[in-house]
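Please look over the sequence and the structure below before reading on.

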Amino acid sequence: MGRWKPDARGRLEQAALELYGERGFEQATAKEIAERAGLTERTFFRHFADKREVLFPHANPLRESLATALDAVPGTAAPIDAVAAALESACGLFAERRELARQRQAVIDANTELQERELIKLASLASALAEALRRRGVADPAAILAAEVGVAAFKVAFGRWISEPDPQDLARLVRDSLEELKAVTAGK
């Protein structure tokens, strides 16, 4: 076994996405994922509680990044502008992971249970943004609306980013989605 090779977690993630894509999420086992990565099943379970966690890690760096970025936005920014700045800032987490993001989304799109889990993850992101807005003194429902709308715009931008053949800047796509939202709400 190649346990001495670096980035066991990354290799397991890549092996899982390949197997999920080839055979489907339900058919792939933790043992097969570990074998494909050149690791043991025990190593798999050191990094992931189960095979869903490959797609939905317990520690969500995006959630943490959004909250931290929103906290850093100047207090004079309007709630939706603060959310936009946080979303754009967090886009850097995806810069080198476009192909993995595409593979991950294809697996999720093919499995109803995983789609539900993705919606829960998005709700968690909106909750983190709303809480960060409340810390800034934004009252409900404005905090909730700005957070939910921001996550919806991010979801649309992310979908475009992974589906378009030519790689684009995710942060720009987030800005475009928010501008489109402003146009829609203005009745244009």
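## Contacts along the chain

In this predicted model, among the contacts of the protein chain between residues at least 6 apart in sequence, 65% join residues that are at least 24 apart. Of the 188 residues of the protein chain, 43% count as buried.

## Overall make-up

The protein chain has 9 helices and 0 strands, and the C-alpha trace spans about 55 × 35 × 30 Å along its principal axes.

The accessible surface of the protein chain comes to about 10200 Å², and 55% of this area belongs to carbon and sulfur atoms. There are 27 positive and 29 negative side chains, and the centres of these two sets lie 4 Å apart.

## The nonpolar cores

The largest nonpolar core has 37 residues, and those with the most contacts inside it are Leu-129, Phe-154 and Leu-170. Two or more residues of this core come from each of α4 (61-72), α5 (79-90), α7 (112-135), α8 (142-163) and α9 (170-185), with α8 giving the most, 10 residues.

Leaving aside residues up to four places away in sequence, Phe-154 touches Leu-62, Leu-87, Cys-91, Phe-94, Leu-170 and Val-174. A second, separate core has 23 residues, including Ala-8, Leu-12, Ala-28 and Val-107.

## Confidence of the prediction

The average pLDDT of the protein chain is 91, and 96% of the residues score at least 70. Among the elements of the chain, helix α2 (residues 30-37) has the highest mean pLDDT, at 96, whereas α4 has the lowest, at 89.

Conventions: Residues numbered from 1 in each chain as written. Predicted model: local features only at pLDDT ≥ 70, side-chain atom pairs only at ≥ 80, totals over all residues. Heavy atoms only, no water. Core = buried A, V, L, I, M, F, W, Y, C linked by side-chain atoms within 4.5 Å. Buried < 20%, exposed > 50% of the residue type's maximum accessible area, 1.4 Å probe, protein only. Helix = DSSP H or I, 4+ residues; strand = E, 2+ residues; numbered from the N terminus. Contact = heavy atoms within 4.5 Å. pLDDT = per-residue confidence, 0-100. Areas by Shrake-Rupley, 256 points an atom, 1.4 Å probe, with all protein chains shown as cover. Lys, Arg positive; Asp, Glu negative; His and termini not counted. Charge placed at Lys NZ, Arg CZ, Asp CG, Glu CD.
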